[in-house]
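Here are my notes on the model you sent over. Please have a look at it first, and then read the points alongside it.

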Amino acid sequence: MTPRTVAELGASLRRGETSPAELAAASRGALESLAPLHPVLRYTDELTERQAARAARTLAEAPETAGPLCGIPFAYKDVLCVEGVETTAGSRILQGYVPPYTGTAVGRLLDAGAVPVAVTNCDEFAMGSSNENSAFGPVGNPWDPSRVPGGSSGGSAAVVAAGAVPFSLGTDTGGSIRQPASFCGVAGFKPTYGRVSRYGLIAFASSLDQIGPFARSVDDVARVFTAMAGHDPRDSTSSPTEVEPVDEQLERGVAGLRLGVPHEYMTEGLEPGVRTAVESALALLEKLGATLEEVSLPSTPAALSTYYIIAPAECSANLARMDGVRFGFHVDRPSLTDSYLETRGQGFGPEVKRRVMLGTYALSSGYYDAYYRKAQKVRTLIAEEFDRAFEKVDALVCPTSPIVAFPKGERSDPLSMYLCDVLTLPVNLAGLPGISVPCGLSEGLPVGLQVIGPRFQDARVLRVAHAYQGATAWHEAPPPPAPGAGSPTS
Amino acid sequence: MTLERDQVAHVAMLARLGLSDQDLERYREQLDAILAHVDRLQQVDTSRVGETAQIGGLVNAWREDERRECLPVEAALANAPRRRRDHFEVGAIQE
């Protein structure tokens, strides 16, 4: 069986047992066999070859300079611009768009010698919680193809869950890394806002978006995060705060840490199986030496409303550039206005149009104060409540999602879909780092444990999640070959 | 409050989204339901707090006002649906 982690593959490369090109070809083969789940939109053929050759040269000629990602294959979400590779944000309106530049996050991975293999499917412009909003078709969950993988980074979660690549990149605006990680039984990390540069990320909601990795082990997540993190002058919201080295903290365990359990996160309509799995995870953390303490985040019920004003408002502004003039899909009409109307009317899918209209409405004259300004104030309250909680505790632990992966088509009502993110989006509003790691099964489907830390304490979040994985085997459990079958061999 | 169809048509025009009559009605219903939910914001007391737009605490990010390298014209125009010489071409703005 092919080793699955970055660490194992890296060791194998260093021993000369395999080559970057071989690993990339094996990943490609594994990804192709996932075609019925549709997690891949396209392959990066030429770039894959070029990067594999570059990594092979580094490993042969200057092995001492080869970092942990050198020669390791990966996949990235279709919202990250890479020079020469079509990037569509899962949208018809960007079909055929080939970026003339490479964004910073992927660029830093390329510099580290990592080898991109595929571009993954996602909800259109990262708007969705099920990956059913992709213009190119939905993605199936490797644990049960009739169910959603979560979203919006559903393809990136699915390819790691299926073992086709050791890691992938996603983006998280309201839970779009953590929720699919939870649904697919892998680790998914959203760093502190501003920690990873957004340069080259097709913007959805600029004050909330962050790029982050998926992998099986937190160890691997930490390696990818470390390669991407740090200030970038090309993103004006990128933080100049120094990145705390993760490896110094990762192995410290949770003994002596105070972990808060937000009361409101344990009451919001949790499925019984989710509650059971998360409660056992909390008990285990306590056994490992952490102190558990109940904390309160009273504005939690207002977070969903806050998010669904701020995110659509920002998206309506960001997506104004999709005008069919400079790139992408274009409907030719004699007048410019008609061309805009037709290009955008036909180019955007229903969820994107819904959010663009919601945002346009919230920003329009006469409604700005009641909606947008009000939401920005509630956002302050939400962030302050987290800050107050972190005066008492070192990190928060809670479920990632109140539910497990649901059947495709089950949540056709937009509001019921939005409710999926109720436990993840407050973290984006407050700009905090958060990770989801698998912590059990509910009726045969993965449950995620979420760890949330104070801003710029990314290393502490990874440390807690890593300590949990050190005592459990949920993250090693592959999806069953047939729906509902099998259980982890811990 | 109830969203009127005219308001939805106005918003669609502001956002430059060409929608059919059927779409307008569907979005009117959906946006109405979402706004009804979102209206609970009005019950939150925000009298003592300001607005947050930048959560990382950054105020401004400056750089020297110097000429820097930029995309070559050919690269910038490579994705243009319509092009005339070194320009993006669009339809008439006024008839």
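The points below go from conventions to the overall fold, the core, one arginine and the interface.

1. **Conventions.** This is a predicted model, in which local features need pLDDT of at least 70, side-chain atom pairs count only at pLDDT 80 or more, and totals for chains, interfaces and linings use all residues. Residues are numbered from 1 along each chain as its sequence is written, while chains are lettered from A and ligands numbered from 1 in the order in which they are written.

2. **Overall shape of chain A.** The C-alpha atoms of chain A fill a box of roughly 65 × 50 × 45 Å along the principal axes.

3. **Secondary structure and contacts.** Chain A has 16 helices and 11 strands (DSSP runs numbered from the N terminus: H or I of at least four residues for helices, E of at least two for strands). Of the contacts in chain A with a separation of 6 or more, 76% join residues 24 or more positions apart; a contact means C-beta atoms, placed from the backbone, within 7 Å.

4. **Burial and core.** In chain A, 64% of the 490 residues count as buried (20 or more other C-beta atoms within 10 Å of the residue's own; exposed is 12 or fewer, partly exposed in between). The largest nonpolar core has 180 residues, and Leu109(A) and Ala395(A) are among those with the most contacts inside it; such a core is a set of buried Ala, Val, Leu, Ile, Met, Phe, Trp, Tyr and Cys residues joined through C-beta atoms within 7 Å. Beyond four places in sequence, Ala395(A) has contacts including Leu257(A), Leu259(A) and Val461(A).

5. **Arg333(A).** This residue sits in the loop between α10 and α11 (336-347) of chain A. Why is Arg333(A) partly exposed? Because it has 17 C-beta neighbours inside 10 Å. Not counting residues up to four places away in sequence, Arg333(A) touches Asp338(A), Ser339(A), Glu342(A) and, in the other chain, Gly91(B).

6. **Interface.** Here 43 residues of chain B are in contact with 54 residues of chain A. On the side of chain B that touches chain A, α2(B) gives the most, with 7 residues. By class, that side has 28 nonpolar, 10 polar and 5 charged residues (nonpolar: Ala, Val, Leu, Ile, Met, Phe, Trp, Tyr, Cys and Pro; charged: Asp, Glu, Lys and Arg; polar: the others, Gly among them).

Key
Two residues are in contact if their C-beta atoms, placed from the backbone, lie within 7 Å.
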